[in-house]
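Here is a friendly walk through one protein model. Keep the viewer open and follow along as we go.

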Amino acid sequence: MTENQRIAIAVVCTLAWLLWVAVLFVRHRRDLHCALRQQRTQRPGAVLIAYASQSGTAAALARQSAEHLRTSQPVTVLPLSQVSSQTLQTASKALFVVSTYGEGEAPDNGQRFARHYLNGDATALDLSHLSYSVVALGDSTYARFCAFGQLLYDGMAKLGAKALEPLYKVDSARAAADGAGGSIESAMPAWFSAAAMAKSNTSRKPSTWWRLAERRLLNPGSPGAPLFELTLRAVNDWPKWRAGDVFVLQPRQPREVVVRWLARYALDANEWIVSGGRGQTLQAWLRDRVLPVAAFDREKLLRGDFSEFPLLPAREYSVASCGEEKALKLIVRQQFRPSGEHGVGSGWLTEYCEVGELFAGDLRENRNCHTSDHSRPLLLIGAGSGLAGLRAQLAERAGAPDAGLVWLVFGERCPDTDRPLSRELDTWLRQGTLSRCDRIFSRRAHTEFRYVQDFLAAQSAELCSFISRGADIYVCGNRTGMGAGVHRVLEQLLGEVELDVLLQSGRYRRDLY
């Protein structure tokens, strides 16, 4: 290649890059214009319900809250990224439902609001007319539990808004259980009307019952923990979902564990009890419950007081299939507690649940992870059980007409044992659903790239060229390792401003855990 040819290629790449940045800017301005237009149509006196959600829990709770409240007054629901100063000045009362992401961070659709209104630069904004409540969702195992909710709660007060009550914190496991068939009124502010609360008590959606149809080990012989593909089929009404949505599982205790516990306390396994309007044997009922490891009040249990037996904590998994496949697939890696016992959710799905057995669970919509335009190119990045979200996107694309190019970059451990879904991916390659597939193995001998992020950094020219063609970016997998590493590489290659534009416009989506 001559020097003139190299210069020509460099000029072309630079022009393509500038065109891509211009397209991003125009799309971002258009999205902001649509958001402003929606805000201008906000009805006077309407309650503002704003949410910041990474996995869909806060968004679902916000929408449910809006449904309950609409019986008594008008409501406007917006993601926090679309809440402007005009929105805040128009509203007289607001409910913020926000999750905390990672180590105290704002979710992707809350970062813009945090920068503009909670970092001290918006002190000129006077919100003394606004009364507000904050419902904060988080994981109590983290040191900074509900940190973003606290930041929002304090930040609104600094802008002059009046808190109607103390910050309400909800553990993520509890919120997931509410989404799987429980009530949500415990997470609603006290100022919700009696009519709305009455509606919430009569409109609870029962959980869907599922049957385990198939369980398949995807990595026999791997040095890593076993990885399974689960196929579930709904027993009652067939639910709808999209790639990017979340399955909320209500785990169960293994039969043997419950039998031993009953024998230890000399309780009759066939004792008939009624809980939540449903009658069943004591043994069947206990399979969904946390079993006390210390002494408990036996008489309270026999009298029908079940307060010492809470439900097992719900577990959430990214769906690995699209609704058109008529089978709900999950990809789950076995987890283990420090004691060596299986994790509550992964243990049930991968070890204890028998094929054909029933259990409860629900699908939760997660619009943050819906890809809106299948004609655009798509860059799929993930590792390990993150293959679940990537497979769902591929399956959805496979049925779409005129779908754009798809480039998959996927990381695992060993090339000999860790090639999950290799036949299916090869089939999608032959059919053209998948245009390129790069597998990165961290334990391959003499490898140049150990991790996905290393490979992406080395492919900077091709990566930038692919994204400049209007590609969406979808990342699924572990947040602290792969997810954080990929984000750093993208930020280095694209720039912080451009990456933020991709994030706010919905072209960069992260399904991380």
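## A helix across the sheet

Helix H12 (residues 387-398) lies across E8, E12 and E13, and runs at about 155° to E13. Helices (H or I, at least four residues) and strands (E, at least two) are DSSP runs, numbered from the N terminus. Axes are lines fitted to C-alpha atoms, for helices over the stretch in contact, with angles from 0 to 180 degrees between N-to-C directions. Contact means heavy atoms within 4.5 Å.

A word on the source: this is a predicted model, in which local features need pLDDT of at least 70 and side-chain atom pairs count only at pLDDT 80 or more, while totals for chains, interfaces and linings use all residues. Residues are numbered from 1 along each chain as its sequence is written, and side-chain values use heavy atoms, with hydrogens and water left out.

## The sheet

Six strands make up an open sheet, in the order E12-E9-E14-E7-E8-E13, with antiparallel pairing. E12 and E13 stand at the edges with a single partner strand each, so one side of each has no neighbour in the sheet. From one strand to the next, the twist averages 40°.

Within the sheet, E7 and E14 pair in the antiparallel sense over four bridges; two strands pair if DSSP finds at least two bridges between them. Look for Thr208, which stands opposite Gly361 in E14.

## A covered helix

Helix H11 (residues 344-352) is mostly covered, with seven of its nine residues buried (under 20% relative accessible area, 1.4 Å probe, protein chains only). Among the buried residues of H11 are Trp348 and Leu349. The buried residues of H11 pack against strands E7, E8, E9, E12, E13 and E14.

## Nonpolar cores

The largest nonpolar core has 30 residues, of which Leu80, Leu88, Phe96, Phe113 and Met156 touch the most other members. Such a core is a set of buried Ala, Val, Leu, Ile, Met, Phe, Trp, Tyr and Cys residues joined through side-chain atoms within 4.5 Å. E1, E3, H4, E4 and H5 each supply at least two residues of this core, and H5 gives the most, with four.

Leaving aside neighbours within four places in sequence, Phe113 is in contact with Leu80, Val83, Leu88, Leu118, Leu152 and Met156. Apart from this core lies another, of 27 residues, including Leu379 and Val486.

The axes of H16 (residues 479-494) and H17 (residues 496-505) come within 6 Å and cross at roughly 120°. His487, Leu490, Glu491 and Leu494 in H16 meet Glu496, Glu498, Leu499 and Leu502 in H17.

Conventions: Buried < 20%, exposed > 50% of the residue type's maximum accessible area, 1.4 Å probe, protein only.
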